[in-house]
Amino acid sequence: MTFAPQIKIPATYIRGGTSKGVFFRRQDLPEAAQVPGEARDKILLRVIGSPDPYGQQIDGMGGATSSTSKTVILDKSEQPDHDVDYLFGQVAINKAFVDWSGNCGNLTAAVGAFAISNGLVDAARIPDNGICVVRIWQKNIKKTIIAHVPISNGEVQETGNFELDGVTFPAAEVVIEFMDPADGEGSMFPTGNLVDDLEVPGVGTFKATMINAGIPTIFLNAVDIDYTGTELQKDLNSDAAALARFETIRAYGAVKMGLISDISEAVARQHTPKVAFVAPATDYTASSGKEISASDIDVCVRALSMGKLHHAMMGTASVAIATAAAVPGTLVNLAAGGGEREAVTFGHPSGTLRVGAAAEQKANGDWTAKKAVMSRSARVLMEGFVRIPGDSF
């Protein structure tokens, strides 16, 4: 019996924010994977090590969490006044499925640096020293993102003293602007309401704010689902019944938001929407042992990603949090104390994060978000080639 040899694909393994992913230039992928389709998905699944019934992704680059089962494909932008096209694929761990329905805000922090280092940004736009402004077209959600990448002696500066809760070591700060982060095809609040009664058969009826900004997100009050908003991963992720309830809530919320037509479709859309729960600012101990004081934050937020409580906070969900907090009357805004605000500091399992956002109400009563701004960091962990069996696709 003969077996196909392995093939090598140029790739870079990068930490962006509190996530890690495998980055590719589109032109470096096998020809069959340079376009959307089954071949591309099969290649990315094999690179990451999915589907893995053991849930460990031992035979791939994935880290067996939603934060580390990610892929990115970049190319010179086809959009006017943009530098790079950014396509994100969230790879399921135990299913043969790549979700292309949303963005990864954390890995966005690495997109600008990768684009600069890999010739996707015109040299004339890169200063010898200072900040390079990289104009990113996010292909999944068709939105513009601006990354402010530090440059030292003509190269991306990755080291620095910026600290990000959820990341052990400091690095250089990358400021990211999410332009017009709300869904441009409809209301930022797809149900037309700031707060809805979300009926979930067999589970209950809950007050919910459902917003499409950054990423579609369903916000609940922690107290309504018997939580405090100070939970850590260990408090939820070993509770199979609780996770199943959250998934049911997510499915019915997705229907109410118009993202799917039937709850059965939720299994094929694991990346979006997200489910999060909020509570007024409270003292708690973060997963690192760091003490978080209620006086240091405006609100506590916990969010689930790919069926598990996230160890920190997804970047796109951070946009949703800040945007919802800026709209008086949403559950996030009320938990943060109500009123008007242009920024929010929230507590998450790993610590705190401050995100700025500006929202305004249009003449027809709909709300829109102009911009959300946050700081992240990124660092190349390894570069060279990934290898997969040649018969993987």
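## Basis of the model

Residue numbers start at 1 in each chain, following the written sequence. Because the model is predicted, local features need pLDDT of at least 70 and side-chain atom pairs count only at pLDDT 80 or more, while totals for chains, interfaces and linings use all residues; side-chain values use heavy atoms, without hydrogens or water.

## Two domains

The protein chain splits into domain 1 (6–181 + 378–389) and domain 2 (196–365). These bounds come from an automatic or database domain assignment. The C-alpha centres of the two domains are 25 Å apart.

## The domain boundary

Across the boundary, 22 residues of domain 1 are in contact with 27 residues of domain 2. Contact means heavy atoms within 4.5 Å. The two domains bury about 1,700 Å² between them, with 54% of it on carbon and sulfur atoms. Buried area is the accessible area (1.4 Å probe) that two parts lose on being put together, summed over both. Ser-66, Asp-165 and Pro-181 supply 29% of the area that domain 1 buries against domain 2, more than any other three residues.

One salt bridge is counted between the domains. Asp-165 forms a salt bridge with Lys-290, and their closest N and O atoms are 3.3 Å apart. The term needs a side-chain nitrogen of Lys or Arg within 4 Å of a carboxyl oxygen of Asp or Glu. Eleven residue pairs are in polar contact between the domains, both residues at pLDDT 80 or more. A polar contact is a pair of N or O atoms within 3.5 Å; within protein, one must be able to donate a hydrogen and the other to accept it, and residues adjacent in sequence count only if both atoms are side-chain atoms.

## Ser-66

Ser-66 sits in the loop between α1 (38–48) and β3 (70–76). Helices (H or I, at least four residues) and strands (E, at least two) are DSSP runs, numbered from the N terminus. Ser-66 has a relative accessible area of 12%, so it is buried. Buried means under 20%, exposed over 50%, and partly exposed in between (1.4 Å probe, protein chains only).

The side chains of Ser-66 and Ser-305 make a polar contact of 3.3 Å. Not counting residues up to four places away in sequence, Ser-66 touches Gln-90, Ile-93, Ser-305, Met-306 and His-310.

## Gly-339

Gly-339 lies in the loop between α6 (331–335) and β18 (343–348). Its relative accessibility is 36%, so Gly-339 counts as partly exposed. Beyond neighbours within four places in sequence, Gly-339 contacts Ala-325, Pro-328 and Asn-333.
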